[in-house]
Amino acid sequence: MKKRISEPVKKPLVWIGFVILFALINPWYFPAGSWSPLFFGVPYWALIILLASLALSIFITWVVMTQWETGADEDEGL
Amino acid sequence: MEVELAFSGWSGILVLMLYGGLMLAVGVYAFLRNRKVRESLDEYYLGGRGLGVMVLFFTFFATQYSGNTVVGYPPTAYRLGYQYLVSVPFFIMIIMVYLLFAPRLYALGRRFNLLTPVDWIDLRFRSKKVTILAAILMLYGLGNYLLEQFVAIGQGVSGLTGGTIPYQVGVVFFIVIMVAYSWLGGMRSVAYTDTIQGIALLFGVFTLLIGSLIYLGGLPTAAETMIAEAPEKLGAPTGGSLTTWFCLLVLVGIGAAIYPHAFQRIFAARSERTLKRSFIRMAYMPFLTAGVVFMVGIIGIAAFPDLTTAESEQLVGMMANALANQNAFFYWAMVLLFGGVIAAIVSTADSVLLTFSSIVSNDLYGRYIAPDADESRKILVGKLVGLVAVVVLVLIAWYPPGTLYQIFVLKFEVLIQTAPALILGLYWSRLNTQAVFVGMLAGTVLAAVFTFAGYRPLGVYSGLWGLLLNLALCVGGSLLSQATEANRQRALEVIGWQRP
C-alpha cells in the first residue's frame, strides 16, 4: 500500500504550533491588572487574547487541510 | 427562574407547542426516509455513517453548546468581567484536542465498523474487565448528565410559561417528544433536530446581543462602569485567576472532546472530508457563540449594576424582559430565544440518551448477554433500558434523595477517567490492559472521594487529580510490566496502518 498517510499528532510542526499558541491564549504575559488602553471599551489584553485565539483557529484550519490525510475512505472502497 | 419573564404565559406555551410539533415532524420525516432504521445498529445509532457536513457540524455544535451556554455564561461574565473571556479559547481547545485523536479514530472506526466508544476499548484491549468498567463509567456519567438536563428543562419551561405550565408537566411533555422522535429516526432524528436547534439558538443569541447594544448600552459604557466600580473586572488576570484560566483550558479541552456522545459522533461522519470540514467550521464557532454571550454579560454590568450572585443568575431573563418591552419584534425574538434555550437543552439530552442506549445495545446486551440476537432486538433492548433509565432519572429529579445526592453530581470527573484508555490506546502498543483497568478504577475512586470530601488540593479540580493518578498508573504499570510480544503484535495490528 503506497498511500501517503499523514496524522497531525505525528508532526513536530503541529505540536510546536499548538504549544506556542496555547502559551499565547493564556494571559500570563501582561502586567497584572492592567487594562489601558481601551479600544471601544475592550481592554488591550483582551483583544490580544482574541487575536491569539483567532490565530489558533486559523492554525487548526491549516492543520486539518494539510496535515491530516489517512485515506480512510479509500480503505473501504468509497 | 425567580424573575418573571415579561413574555411568559401563552406566547411561551405557543412557541413550546410549535417546537414540540416540529421535532415530532422531524422524527416522522427521518423514519419515512429510512424505514430500515430499526433493523441495523449502524442506521439507528450512527445514521448509517452518512451524516453530511452541515448536519454533522450542527450535531457537534449541539453537544458543545447547550442551553447553559446562553443562560449560564452571561452571569459568569457579569461577575468575573474580562477574566471570563477564557470561555472563547476553551471552546477552540476542544477542536485542538480532537485533532490529536480523531484522524486515527475515524480511520479505525471505518475499518472495524466501530459503533460506540466502548466498542473501541473492547477492540483495543480485548478484556472483559476493562470493557465492562468503561461501559459502567460511561453509563453512570451519561445518566447524571441526563438528570441535569431534565432538571434544566423543567426550570426552563416553567420560567418561560410563567408557571402556567408546572415544572413536572414541562419535563414529561418534552421527554415524551424526545423519546418519540429518537425512537422514530435514531441518530438521523437527533442530528436533524440538532440542526434546527442550532439555528434557533444562533438567531436568539444574536438578537439578544443586537438588542442589548441598542437599548442597554455598549461595551464602552460597561468599561466606564467597571473603571469606576470594579477595575479588577477589566484588568489582566493574575495569580489564582491565571491558574483557573489555565485549568479551564485544559479541562474543557480534554473533557468535552471525550464525552462519549461527542466521541461517538466521529464514527457518524459520511467521509473523512466531511469530518474535516465540520471541524474547521467548529474552530470558528466560539467567536459567534461564547464570544457573543460573553459580550451580553459584560453589557449587563452597566445595565444592571450591583446584583448579588443569586440575582445575577437571572441576568439573561432580566435583559430579555427589558428588550421584550421595547417592541413587538424583540418581544417575539425573546420568546424564540427562550424556546431555543429549551430546545438546546432537549437536543443535548437526546444525544446523551442515544449514546446511553447504544452502549446498552451494543456493548452490554449485544456483547455479553445475547451476542446472537439480531440487530433489531439489540436496538429494542437499548431503547427500553434507555426508557427505564429516563423514568428513574425523572423520579430522582422530582424526589431528590436527601443524603446520597452527591452521587448524582459526578459526571465529568468519572467520564474523563476513560481518556487514557481511549486516547493513549490509539498510539501506544505497549499500553498494558491490567494497568489501564487499575488506573481507571483508582482514578475514579480518587476523583469521587475528593469530590465528596470537597477536597481540592492546589485549587486543581478533583477530576484532574483522578486523571493524573490514572495516567501515572497506566504509564507506570505499562513500563514496569513486560508486554508479551503476542499482545504488542495484536495491538499493532489494530492501531498500525498496515493491513491485517
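## Salt bridges within chain B

A salt bridge is a side-chain nitrogen of Lys or Arg within 4 Å of a carboxyl oxygen of Asp or Glu. In this predicted model, R49(B) and D42(B) form such a pair, with their closest N and O atoms 3.0 Å apart. R49(B) is buried, at a relative accessible area of 9%, whereas D42(B) is partly exposed, at 24%. The two labels differ because buried means under 20% relative accessible area.

A second pair is made by R367(B) and D122(B), whose side chains meet in a salt bridge of 2.8 Å, N to O. This pair links distant parts of the chain, 245 residues apart: R367(B) lies in helix α16 (residues 328–369) and D122(B) in helix α6 (residues 117–125) of chain B. D122(B) has a relative accessible area of 9%, so it is buried. Through shared partners, salt bridges join D119(B), D122(B), R126(B), D363(B) and R367(B) into one network. Over all chains, the count is 12 salt bridges.

## Chain A

Chain A has 3 helices and 2 strands, which follow the pattern α-β-β-α-α along the sequence. It has 78 residues, of which 46% count as buried. Among its contacts between residues at least 6 apart in sequence, 62% join residues at least 24 apart.

## Where the chains meet

How many residues does each chain bring to the contact? Chain B supplies 45 residues and chain A supplies 47 residues. The area buried between them is about 4100 Å², and carbon and sulfur atoms give 75% of that area.

There are 12 residue pairs in polar contact between chain B and chain A, counting pairs with both residues at pLDDT 80 or more. On the side of chain B that touches chain A, the elements giving two or more residues are α5 (87–112), α9 (219–229), α10 (239–258) and α12 (272–288). Of these, α5(B) gives the most, with 14 residues. By class, this side of chain B has 34 nonpolar, 4 polar and 7 charged residues.

## Salt bridges between the chains

Side chains of opposite charge can pair when their charged atoms come close. Across the interface of chain B and chain A there are 2 salt bridges. One of them joins E69(A) and K276(B), with the closest N and O atoms 3.6 Å apart.

E7(A) also forms a salt bridge with R104(B), where the corresponding distance is 2.8 Å. That pair runs from the segment before α1 (12–24) of chain A, which holds E7(A), to helix α5 of chain B, which holds R104(B). Both E7(A) and R104(B) are buried.

## Buried residues in chain B

S462(B) is part of helix α21 (residues 462–480) of chain B. Is S462(B) buried or exposed? S462(B) is buried, because its relative accessible area is 9%. Its side chain makes a polar contact of 2.9 Å with the side chain of T451(B). Leaving out residues up to four places away in sequence, S462(B) touches E413(B), A447(B), F450(B) and T451(B).

G297(B) sits in helix α13 (residues 290–303) of chain B. Its relative accessible area is 0%, so G297(B) is buried. Beyond neighbours within four places in sequence, G297(B) is in contact with P74(B), A77(B), Y78(B) and L315(B). The C-alpha atoms of G297(B) and T348(B) are 23 Å apart in space, and the two residues are 51 apart in sequence.

## Cysteines

C247(B) counts as buried at 4% relative accessibility, and C474(B) counts as buried at 1%. The number of disulfides over all chains is 0.

Conventions. Residues numbered from 1 in each chain as written. Chains lettered and ligands numbered in written order. Predicted model: local features only at pLDDT ≥ 70, side-chain atom pairs only at ≥ 80, totals over all residues. Heavy atoms only, no water. Helix = DSSP H or I, 4+ residues; strand = E, 2+ residues; numbered from the N terminus. Buried < 20%, exposed > 50% of the residue type's maximum accessible area, 1.4 Å probe, protein only. Polar contact = N/O pair within 3.5 Å; in protein donor to acceptor, adjacent residues only side chain to side chain. Contact = heavy atoms within 4.5 Å. Buried area = accessible area lost by both parts, 1.4 Å probe. Nonpolar A, V, L, I, M, F, W, Y, C, P; charged D, E, K, R; others polar. Disulfide = S-S within 2.5 Å.
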